[in-house]
Structure formats: structure tokens, C-alpha cells
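Work through the exercises below with the model open. Try each task before reading its solution.

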Amino acid sequence: MRLTFKFNAMLSLLLALALLLAACSSGGSPERENPTNSEGGDDKPVELVFAFLNVASIFKDLQKVEDEINKITQEKINAKIKLMPIDVAAWTQQTNLILAGSEPLDLIVSSATLNYSSQVAKGQIIALDDLIEQYAPDIKHTMPAEILAGAKLNGVTYGIPSVRDFATDYGYIARKDILDKHNIDLSTVKTFEDLTAIFQILKEKEPDMYPIVQRSQTVTIVTDMFTGYIDGLGNNIGVLNYDDDSTQLFNLFESDIYRKYSELAHEWYKKGFVPPDASTSQESNTAMMRANKAIGYLSNFKPGFENQEKVANGMEMVAVRITEPVSSSSTAASFMISIAKNSKNPEKAMEMINLLYTDKDIVNLLDNGIEGIHYVQAGDGTIKLPDGVTEQTYLATQWMIGNNALAYPWQGTAPDIWDQMKAFNESAKLSKAIGFVFDTTNVKTEVAAVQNVLDEYRPGIESGTLDPSTIADFNKKLKDAGLDTMIAEKQKQLDAWLQTQ
Amino acid sequence: MRSNEMNQTALNIFMVVLTAACLLPFLLLIISSFASEQSIIKLGYTFFPSEYSLEAYKYLWGESSSLLRAYGITILITVIGTSVGLTISALLAYPLSRGVLPFKYFFSFVVFFTLLFNGGLVPTYLVYTEIFHMKNTLLALIIPGLLTNGFFILLIRTYFATSIPVPIIESAYIDGASEYRIFFSIVMPLSLPILATIGLMLTIAYWNDWFNGLIYLTEPRLFSIQNLLNRMLTNIQFLQQNSFAGNNASAIAANLPTNAVRMAMAVIGVVPLLCVYPFFQKYFVKGLVVGAVKG
């Protein structure tokens with residue numbers, strides 16, 4: 001009897017031990033996790049963790065680059081940066097979790113397309129106005145005032161836009177070799193309708209290729225035509241024109257411009273300029289170009305775009321710009337840097353942001369890597385891979401962080417690309433609602449229902465596959481789904497927003 | 001007699017169709033991984049590509065340093081996770097199966113409770129990262145899998161309770177065997193079917209796990225093969241659905257792996273498991289039937 005009891009006790013103990021063992025096996029490498037001295041004492045540098053979006057970057061040498069950056073920052077502001085790239089795949093999940101807890105995180109890339117407004121609503125990122133005034137007064141000289149103001153939410157700055165292309169124009173871009181072969185001069189093209197004649201020639205001369213392909217199921221042929229004229233205010237539900245002063249929202253899908261371009265796309269489709277499976281194909285334009293199935297596509301542009309596409313497609317490209325440059329309402333808030341509520345040193349974090357906008361060496365390290373290892377000067381203000389280096393070990397997605405105008409352009413790009421960009425940005429027609437963000441909380445049901453209708457009709461109509469006569473049905477279903485309620489709600493918010501400007 | 005034959009034929013046809021429905025996608029996956037990119041874009045995924053190519057596998061070979069590392073991580077966490085998980089589960093299930101354990105029902109209830117309720121993602125994450133500091137460690141890939149297997153424990157307990165006759169244990173006891181001896185020399189060998197079943201389930205769970213990697217890891221050197229694959233596919237999907245990257249989208253797209261490479265990655269992710277499966281199969285069927293019918 002006693003023996004049994006002893007045995008039972010031992011079993012229970014074992015059981016408890018098993019549970020315990022599982023729960024607290026040693027905590028792994030703690031030195032990475034330890035938040036550094038938060039007081040920012042005189043001798044010990046503060047470590048600032050910086051979470052940013054990683055979209056197919058190459059970060060083999062991230063640690064080396066980080067060490068180089070830290071040499072500069074330690075000297076200048078007695079702080080170190082810990083770079084924490086997060087894949088887009090994991091971004092929403094991981095940043096939400098980090099911001100829910102108290103893990104060390106100081107700087108974070110924020111974006112209107114990635115929860116910016118909900119981060120502000122939950123208090124996960126902090127107000128920056130006073131900090132900018134005190135610790136980063138130089139930032140406002142790096143970008144147009146409208147852009148910096150355009151990132152505000154309810155009159156408060158929560159994010160600082162990266163310096164990049166703030167505007168975009170639209171047009172057609174195609175393979176240079178094919179156009180040259182058939183003596184086609186794109187500069188004669190003034191409207192999207194003018195492209196029809198060119199497509200006709202291309203179709204006859206190159207029967208194995210499509211003169212125009214769609215970029216994706218959401219960036220359709222028709223979208224690429226109307227977006228240069230229409231300010232979608234975020235979601236294309238309730239829109240404004242760029243070239244009038246009205247702030248009265250209207251339904252894009254009933255507008256003349258939508259019908260006009262849907263008809264044009266349908267004409268192209270019927271003539272066989274567009275791949276027959278355009279409304280369902282998941283292939284990107286780049287894949288189609290590389291497979292020699294496509295000659296060109298409609299796209300948004302910026303200075304230096306041809307060179308960028310040349311790299312992407314692996315062939316010389318030539319483009320024609322059809323619309324004027326415009327800056328949409330979400331331009332400013334599309335990529336920003338914010339300070340997380342987790343930060344124990346918001347002041348230091350702001351000083352770090354200041355460096356990201358003013359220190360040429362830091363920006364180049366972050367964007368291009370270490371000089372001599374990841375790039376060398378090409379002599380004309382541009383940079384190239386060092387001789388003998390075939391494999392890139394560091395390549396960052398540049399556009400989202402800090403002042404990109406300080407980064408050296410790569411060879412092949414115009415050395416004065418950033419001057420061109422500045423002129424381009426300044427020439428752009430600004431949205432009347434720059435900085436306005438539509439809060440969909442009150443119309444959640446409608447948003448979901450309308451989205452279903454959009455998913456059903458848009459790929460068909462906007463790739464040109466469906467006859468534009470379906471637009472009437474499309475609109476009827478949109479209205480049944482609550483389109484008008486959404487537009488009314490947006491109008492209400494827009495009016496209130498305009499009052500505060 | 002005749003109708004019996006007819007039935008048999010109908011059943012056979014049904015089974016053949018069912019098997020084909022399971023196997024054909026695999027075949028398509030493997031064929032696509034050997035198709036040239038041109039062929040995939042022209043014809044889509046097809047059983048008869050116009051052109052075959054080893055390009056995808058060459059690309060993966062070029063990436064072998066990061067892929068091999070991911071492979072290593074996957075194998076490591078699978079081996080450790082499965083063996084430790086199996087040990088813990090058996091050690092926990094055995095006492096629960098014995099009538100003499102004090103508070104037996106309480107402990108059983110605790111195990112059962114975890115089947116129905118859990119802390120939710122955010123609290124779980126906070127506990128792992130802020131109390132146990134498991135972020136960016138391999139433990140984050142192993143520990144969560146060890147603790148959420150109430151179902152396995154109940155399966156093993158039921159097997160122990162119903163398939164190991166108490167007289168065997170008692171006779172061993174009389175012969176002077178210690179409890180450890182009884183457990184390791186008598187109970188465990190008699191329980192091979194259920195252990196193999198649970199072992200396989202754990203293996204599959206660890207091999208296919210990408211979620212823990214998705215939330216606990218930011219260091220690419222710790223990514224497992226499924227995590228790598230999942231991130232790659234989600235990245236591609238994200239770029240297709242969001243025009244946010246605007247001007248830069250195509251520059252990014254150029255860095256992404258091609259269709260054939262995605263297929264090839266899926267192939268190398270799944271093949272090792274396919275190779276292991278047949279060895280478990282005979283236990284698997286038996287163990288599942290035993291566990292389920294008598295449970």
C-alpha cells in the first residue's frame with residue numbers, strides 16, 4: 001500500500017516535471033532580446049530597433065551594413081540602430097503582435113495600406129509633432145510641405161513620409177527592339193486611343209505576341225487609363241476629378257470616363273491585342289515580357305522608369321507618357337516612418353529619423369550597402385557593382401525609408417535623377433484631398449458586399465473581356481450592395497475633413 | 001452474386017477516381033517543376049508541357065546555402081520535436097491511464113481543457129516572447145508544438161487503458177519489476193502502433209509548420225523550409241493584390257522566383273515526407289483504428 005502511494009507520488013511528480021520541462025526549457029539566447037539600457041546614459045549608446053518592410057530584398061550582409069551605420073550614429077547621437085527587416089508575408093501579423101506587447105521596438109515603417117489608421121486609433125504609434133520640432137527640424141526642408149502635412153491624421157503627425165516620387169503619370173511602355181524593327185515612334189501618341197493604330201501594326205507584324213498585357217487582376221488595363229484623371233481617394237468608391245475644383249464625390253463606375261476606357265479596352269480585346277485569358281490570368285506583366293509573350297503594357301511612370309523596367313524585364317524599354325503627373329490623396333501616407341509606443345527613447349528615435357533624412361552616408365549604407373564591397377563609384381555620380389562581383393549580397397528596397405534623394409543612383413539611371421524627380425514632384429497636380437483617409441468603420445457591411453461585386457465585374461470589364469453594356473448591371477449590383485451608402489459616408493467624412501484644413 | 005460483382009466494380013471505379021484525385025495534383029506539381037518557364041506562361045500548368053527544363057532545380061541549387069540551412073532547421077525541429085513530443089505525451093498519458101493516480105480526473109480534465117480552450121494568439125505570443133524570451137530562437141519552433149497536443153495524449157491514454165491488460169502489469173510487478181522497467185520494457189513495446197501513429201502525426205505537424213515561424217521569427221537564418229515557401233508565396237500574392245508598391249512593383253517582381261521554381265520548392269518540401277510515410281503506414285492504420293474504435 002505504501003509502495004503504491006510512493007509510486008503514485010512519483011508519477012505525479014514526473015508528470016508535473018514533464019509539463020514544467022516543456023514550459024521553461026532555457027530561454028534561448030538572451031543577449032539578443034535584452035532591451036538595452038533605456039536611460040541613454042552618457043557612455044552607453046542606446047539601441048534603437050527599426051522594423052521595416054522587406055520585399056524581396058537581399059540582406060546577406062545586413063549585419064555588416066548595420067555595424068557601419070552604427071559607427072556613424074554612435075558618434076553623432078550616441079545611439080545604435082538594430083535593423084529588423086520583416087517580410088511582407090509576416091508584416092501585419094508580426095508588427096501587430098510586437099505592438100501588442102512591450103518588445104523593444106522604436107522605429108517602424110507605416111503605411112496607409114498597412115493599418116496606419118488603426119495603429120493610430122489603438123495608440124500603437126505616437127504623435128510626432130513636438131518631437132520633430134525639437135529633434136528633427138531639418139526634415140521639413142526635404143519634402144514639399146503638402147506632403148508632410150498630407151501624412152497627418154486628425155491634424156496630428158504620426159508618420160513622416162519617405163522622400164521618393166510623390167507623383168505619377170500614366171502611359172504605355174514597350175520593348176524597344178520590336179518598336180524599332182517596325183519603325184514605330186511612340187512620341188506621336190497623345191491619347192490612349194492613339195495606341196489602337198500601333199497595336200494594330202504590332203498585332204499584324206508579331207502575331208505570336210500580345211501588344212498589351214494587364215499588370216495584374218487589380219491593376220487592370222482600364223485602371224491604368226483612368227487613374228491619371230481620377231482621384232480614387234483610396235478605394236475608387238466615390239471619387240473626384242483632378243482637373244476641377246469640385247469636392248462633390250461621384251460614382252466612378254457610372255462616369256463617362258470609365259465607360260469610354262472600358263469601350264476602348266473591349267475594342268482592343270475584340271481585335272486580339274489583349275490575351276484572351278486576361279480576366280483570369282495570374283501572370284504578371286514582367287513574366288509575360290520575359291516569356292516573349294508581351295510587347296508592352298500600360299503603367300504608371302516616374303522619371304527613370306524605363307531603366308527600372310529594363311532591369312525588371314531584362315530588355316531595353318521605351319515609353320510614352322500620356323497623362324499629366326498627379327499626386328493622389330494617399331500619396332503622402334503610402335510610406336512613412338513612425339515611432340512605436342514601445343520606444344523607451346522617443347527623443348533618440350527622432351534624432352535617428354533626422355539622420356535618415358539628412359545624413360548621406362547613412363542613407364547610402366542603408367540603400368546601397370558599403371562602398372567598396374557592395375558598390376563602387378562609376379565616376380559620373382552613379383554607382384555600379386565592384387569589378388569581379390557577380391552576386392549581390394546587399395540590396396534594399398529603397399523607396400520606403402528616409403530621404404532617398406541622398407542615395408547614389410545605380411549606373412544606367414540618370415545621375416541627376418533626383419533633380420528630375422524633384423521637378424516632377426513639383427509639377428504634379430495635387431489631389432484636393434491629400435492626406436484624407438476614409439474610415440470604413442461605419443460601413444463595414446457595405447464595404448464587404450461592394451468588394452464582392454467589384455471582384456466579380458472588374459476583372460472582366462477592365463481587361464476588356466466583357467462588353468461595356470454590362471456596366472449597367474455592374475452598377476445596379478453595386479447599388480444593391482450599398483455603394484450609395486458608402487459614398488454618402490465618405491462625402492460626410494470628406495466635408496468634415498475639408499473643414500479642418 | 002452478379003450484383004455483388006457490380007458493386008465491387010462500382011466501388012473499384014470510385015476508389016480509382018478518388019486515388020486519381022489525390023495523386024494527379026502531385027503529378028502536376030512534379031511535372032510543372034520540370035517545365036520551362038516559357039511553357040508555363042504559354043500553356044499554363046499542364047501535364048504535357050511543351051518544353052522540359054531543369055532550370056528551376058538549377059536555381060534552387062544556386063540558392064542551396066539558404067535552402068540547405070532551412071532544410072537542416074526543418075529536420076532538426078522535426079526530429080527533436082517528434083521525439084520529445086512523443087516522450088512527453090507517453091509519459092503524461094501513462095499515469096492518466098492507470099487507475100491509481102491521485103487526482104486522475106483533475107489531470108485528465110486539464111489535458112482535455114486545452115482541447116477546447118486556448119489563450120488566443122496575442123497572450124500566447126506575449127508569454128513566449130516576454131516571459132520565456134523565445135523570439136528568434138529555435139525553441140519557438142519546438143515548444144509550441146509540444147504543448148498543444150491534448151488530443152494525442154487522450155489517444156495514447158485510451159490505448160494504454162484498453163489495450164494493455166492490467167494483469168500483465170501486475171504480473172511484472174510481482175516479478176519485481178520497477179515502474180520504470182514496466183513502462184519501458186513492457187508498456188512501450190506493446191504500444192508501438194499508437195506510438196508510431198502519434199509519431200507520424202507529430203512528424204507531419206512539425207514538418208509542415210510555418211505558422212510559428214511566421215510569428216516568432218524575424219531572423220532569416222532560422223527559417224524552416226515550409227516557412228520559406230510560405231513567405232515566398234505570400235510575398236508574391238501580396239504584390240499581385242496590392243498596387244501599393246506602384247512604380248516599384250515590377251522591379252520587385254523581377255527578384256521573385258519563377259513559377260517553375262515555386263513548384264520545385266514545393267516538391268523538395270514534400271518529397272522527404274512522402275518517403276517516410278510508407279514506413280509508418282502499417283502502424284498508422286492499426287493505431288488509428290484501435291485508438292478510435294475503442295476510444
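This is a predicted model: local features need pLDDT of at least 70, side-chain atom pairs count only at pLDDT 80 or more; totals for chains, interfaces and linings use all residues.

Residues are numbered from 1 along each chain as its sequence is written, with chains lettered from A and ligands numbered from 1 in the order in which they are written.

**Exercise 1.** Describe how α3(A) and α15(A) pack.

Step 1. Take helix α3 (residues 62-77) and helix α15 (residues 360-368) of chain A; the angle is about 170° and the axes lie 9 Å apart. Axes are lines fitted to C-alpha atoms over the stretch in contact, and angles run from 0 to 180 degrees between N-to-C directions.

Step 2. Classify the angle: α3(A) is roughly antiparallel to α15(A) (over 145 degrees).

Step 3. List the contacts (C-beta atoms, placed from the backbone, within 7 Å). From α3(A) come Val65(A), Glu68(A), Ile69(A) and Ile72(A); from α15(A) come Asp361(A), Ile362(A), Leu365(A) and Leu366(A).

Step 4. Sort these residues: six are nonpolar, none polar and two charged.

**Exercise 2.** Find the residues that touch the most other members of the largest nonpolar core.

Step 1. The core has 197 residues (buried Ala, Val, Leu, Ile, Met, Phe, Trp, Tyr and Cys joined through C-beta atoms within 7 Å; buried means 20 or more other C-beta atoms within 10 Å).

Step 2. Ile212(A), Met352(A), Ile353(A) and Ile156(B) touch the most other members.

Step 3. Helix α4 (residues 64-97) of chain B gives the largest share, ten residues.

Note on methods. Helices (H or I, at least four residues) and strands (E, at least two) are DSSP runs, numbered from the N terminus. Angles under 35 degrees count as roughly parallel, over 145 as roughly antiparallel, 65 to 115 as roughly perpendicular and the rest as oblique. Two residues are in contact if their C-beta atoms, placed from the backbone, lie within 7 Å. Ala, Val, Leu, Ile, Met, Phe, Trp, Tyr, Cys and Pro count as nonpolar, Asp, Glu, Lys and Arg as charged, and the others, Gly among them, as polar. A residue is buried if 20 or more other C-beta atoms lie within 10 Å of its own, exposed if 12 or fewer, and partly exposed in between; C-beta atoms are placed from the backbone.
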